[in-house]
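Let's talk through how some labels for this fold follow from its geometry.

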Amino acid sequence: MCEAYLTASSLTLTVSLLMPRGTCPNLELPVHHDRTRTTTWGSWWSLSPSQDRLPKVPEMPPPQKKHWESMAKGLVLGALFTSFLLLLYSYVVPPMHTGLASTTPEAAASCSPPLLEPEAVTRANRSAGECQPRRNIVFLKTHKTASSTLLNILFRFGQKHRLKFAFPNGRNDFDYPTFFARSLVQDYRPGACFNIICNHMRFHYDEVRGLVPPNATFITVLRDPARLFESSFHYFGPVVPLTWKLSGADKLAEFLQDPDRYYDPNGFNAHYLRNLLFFDLGYDSGLDPGSPQVQEHILEVERRFHLVLLQEYFDESLVLLKDLLCWELEDVLYFKLNARRDSPVPRLSGELYGRATAWNMLDAHLYRHFNASFWRKVEAFGRERMAREVAALRRANERMRTICIDGGHAVDAAAIQDDAMQPWQPLGTKSILGYNLKKSIGQRHAQLCRRMLTPEIQYLMDLGVNLWVTKLWKFIRDFLRW
């Protein structure tokens with residue numbers, strides 16, 4: 001056996017080479033085999049047998065790991081990390097309440113500006129040149145209804161005219177799915193007035209009403225309930241635990257075959273999977289469709305909202321909105337934002353479409369009512385006039401597409417070159433499309449192009465919104481590759 005204490009520079013190492021005698025390497029390093037004799041590895045083997053009797057250094061057994069200490073440390077770290085995630089999630093996804101949130105105590109200190117905008121004008125006034133752009137707007141941003149595209153329009157208009165937004169604090173929504181409260185607004189002070197409210201919320205009319213001037217215009221957008229349910233199921237499914245037990249290739253079809261078997265109205269995030277429009281508007285999404293309250297709620301929406309847009313007729317809706325608000329064509333130009341890549345699963349068939357509609361019957365009643373009222377507005381506007389203005393809007397959008405978008409179309413998330421153009425993705429998949437901005441754009445259109453293509457989260461940051469919770473959640477998602 002060859003055993004020695006090896007000294008290299010100032011570092012002393014214990015060497016125990018369990019090798020047959022005579023096989024140690026001929027290293028030109030000094031070896032201290034006791035306190036008084038020092039020689040080199042080369043001459044050490046030339047010593048006589050009597051000289052070669054070095055004191056044996058007993059081998060020390062390797063220290064045994066204290067497994068219980070490691071386990072204790074792991075449990076403590078795991079508990080701390082779990083507590084942190086639970087605390088974070090309590091900010092990111094607040095609990096849902098079935099009743100209305102408590103109104104802000106300062107109800108008496110509602111917005112009351114000294115100077116009000118002129119009231120809505122008629123088309124006759126428009127033709128006489130008396131129309132003034134309306135700048136106080138409440139947009140109830142419903143889910144999966146092309147609302148992100150409309151949000152971008154409002155962001156651009158407000159930024160262009162330096163209007164005051166009521167933004168959420170810490171997140172990109174007003175603590176959805178809880179009811180909206182004035183105290184959720186960033187930098188809110190009693191009596192504060194705002195021009196535009198447009199982020200996701202669960203609608204609470206009295207609380208919203210107290211933040212804007214009395215003549216503010218209220219708008220929202222609806223979508224065919226079966227198609228909305230399909231989109232919501234695919235987008236939000238990963239965060240709705242009741243869908244996890246679905247095992248088939250087409251989970252949506254499996255769910256619709258017997259939804260009562262899977263659906264729990266009290267389940268976490270269950271509101272995304274039934275009557276989502278009714279829920280966003282602040283009503284009970286579990287009402288019996290035959291209840292007289294359903295029609296009462298629908299009529300209440302009609303009284304409160306000046307215009308209800310339809311996702312399926314988005315261009316016609318924007319023409320009506322432009323007319324209502326007395327805006328210019330440039331104000332309503334758009335690119336389709338937050339669009340989902342086509343699913344490999346076929347769209348709802350005739351039978352499943354009917355099942356999805358029946359499952360969302362409250363939304364179906366709502367949609368049918370406002371679909372009828374929408375076309376009455378179109379008739380009043382004039383069919384031929386509508387056709388002309390829709391054509392003009394589409395030509396202008398196409399022109400902007402050729403000016404702004406590299407390749408002229410939306411691309412998958414992996415193909416987006418600029419992080420500032422990367423849209424927020426659902427958990428578990430990158431199914432939301434985005435755009436690449438052209439490298440060379442004339443000075444006249446450079447700013448407009450960038451604003452039209454900027455996704456919601458990045459635009460909110462550009463506008464100075466505090467998004468610390470959203471940013472932290474994104475960091476955790478990226479770290480865990482969710």
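This is a predicted model: local features need pLDDT of at least 70, side-chain atom pairs count only at pLDDT 80 or more; totals for chains, interfaces and linings use all residues.

Q: Which residues of H14 and H15 meet?
A: On the H14 side they are Arg399, Met400, Ile403 and Cys404, and on the H15 side Arg444, His445, Leu448, Cys449, Met452 and Leu453. By class, the contact of H14 with H15 has seven nonpolar residues, one polar and two charged.

Q: What makes H13 and H14 roughly perpendicular to each other?
A: Helix H13 (residues 361-381) packs on H14 at an angle of about 95°, and their axes are 6 Å apart. The range for the term is 65 to 115 degrees, so H13 and H14 are roughly perpendicular.

Q: What residues make the contact of H13 with H14, and how do they divide by class?
A: H13 supplies Trp375, Val378, Glu379 and Phe381, while H14 supplies Arg383, Arg385, Met386 and Glu389. They divide into four nonpolar, no polar and four charged residues.

Q: How do you know whether H4 is roughly parallel or roughly antiparallel to H11?
A: The axes of helix H4 (residues 147-160) and helix H11 (residues 314-325) come within 12 Å and cross at roughly 30°. Angles under 35 degrees count as roughly parallel, so that is the term for H4 and H11. The crossing is right-handed.

Q: Which residues form that contact of H4 with H11?
A: Thr149, Leu150 and Ile153 come from H4, and Phe314, Leu318 and Leu321 from H11. Five of the contact residues are nonpolar, one is polar and none is charged.

Q: What makes S6 and S8 edge strands?
A: The open sheet has four strands in the order S6-S5-S7-S8, with parallel pairing. Strand S6 (196-197) and strand S8 (307-310) each pair on one side only, and that makes them the edges.

Q: How do you know that S5 and S6 pair?
A: Pairing asks for at least two bridges, and two bridges join strand S5 (residues 137-140) to S6, the strands running parallel. Along this pairing, Val138 stands opposite Ile197 in S6.

Q: Where does H4 lie relative to the sheet strands?
A: H4 lies across S5, S6, strand S7 (217-222) and S8, and runs at about 160° to S5.

Q: Why is the pair of Phe155 and Phe165 called edge-to-face?
A: Two numbers settle this one. The ring centres are 5.9 Å apart, and the angle between the planes is 75°.

Q: What does the pair of Phe155 and Phe165 tie together?
A: Phe155 lies in helix H4 and Phe165 in the loop between H4 and S6, so parts 10 residues apart in sequence are tied together.

Q: What else is there in the loop between H4 and S6?
A: Pro177 is in this loop, and a cis peptide bond joins Tyr176 and Pro177, with omega about 15°. Asp175 is also in the loop; phi of Asp175 is near 50°, a positive value in a residue other than glycine.

Methods
Residues are numbered from 1 along each chain as its sequence is written. Side-chain values use heavy atoms; hydrogens and water are left out. Axes are lines fitted to C-alpha atoms, for helices over the stretch in contact, and angles run from 0 to 180 degrees between N-to-C directions. Angles under 35 degrees count as roughly parallel, over 145 as roughly antiparallel, 65 to 115 as roughly perpendicular and the rest as oblique. A crossing is left-handed if the near helix is turned anticlockwise from the far one by less than a right angle, and right-handed if clockwise. Contact means heavy atoms within 4.5 Å. Ala, Val, Leu, Ile, Met, Phe, Trp, Tyr, Cys and Pro count as nonpolar, Asp, Glu, Lys and Arg as charged, and the others, Gly among them, as polar. Rings of Phe, Tyr and Trp (its six-membered ring) pair if their centres lie within 6.5 Å; planes under 30 degrees apart count as stacked, over 60 as edge-to-face and the rest as tilted.
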